[in-house]
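Hi everyone, thanks for coming. Please have a look at the sequence and the model on the screen, and then I'll walk you through a couple of its features.

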Amino acid sequence: MKTKHLKPPFTRPLTAEELASLPDSEIDFSDIPKTTEEFWKSAVLMQPGDWEKPKLTIRLDADIIAFFKATGPTYQTRMNEVLRAHMEANRT
């Protein structure tokens, strides 16, 4: 795992236990943008079941799979987005 992005005194990623034991004053929040009223106006409360998706086995052409896999690690999410766009465009 690359650790170039870590600031001293951390030379490696911390474990969950190490992170939990850090006081808030030791945590660098500088890369987290401040939230604004505008942000919270568009926020949506979601419950755990809201994003669960049923598992499905589907057969697709190899070139379609290769195309989406080449777009990165969340290719299944992008496939879902394409199918959703098609569904919404064709609703009557």
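The lining of the largest pocket counts 11 nonpolar, 3 polar and 2 charged residues. Here Ala, Val, Leu, Ile, Met, Phe, Trp, Tyr, Cys and Pro are nonpolar, Asp, Glu, Lys and Arg are charged, and the others, Gly among them, are polar. This is a predicted model, where local features need pLDDT of at least 70 and side-chain atom pairs pLDDT 80 or more, while totals for chains, interfaces and linings use all residues. Residues are numbered from 1 along each chain as its sequence is written, and side-chain values use heavy atoms, without hydrogens and water.

What is a pocket? On a 1 Å grid over the protein atoms alone, a pocket is an open set of points where a 1.4 Å probe fits, with protein on both sides within 12 Å along at least five of seven lines, and lining residues have an atom within 4 Å of a point. Of the 16 lining residues, Leu56, Ile58, Gln76, Met79 and Leu83 lie nearest the centre. H4 gives the most to this lining, 7 residues; helices are DSSP runs of H or I, at least four residues, numbered from the N terminus.

Now, how do H3 and H4 cross? The axes of H3 (residues 62-69) and H4 (residues 75-89) come within 8 Å and cross at roughly 115°, axes being lines fitted to C-alpha atoms over the stretch in contact, with angles from 0 to 180 degrees between N-to-C directions. That makes H3 roughly perpendicular to H4, a word used for 65 to 115 degrees. Ile64, Phe68 and Lys69 in H3 meet Tyr75, Arg78, Met79 and Val82 in H4, with contact meaning heavy atoms within 4.5 Å.

Conventions
Helix = DSSP H or I, 4+ residues; strand = E, 2+ residues; numbered from the N terminus. Parallel < 35°, antiparallel > 145°, perpendicular 65-115°, else oblique.
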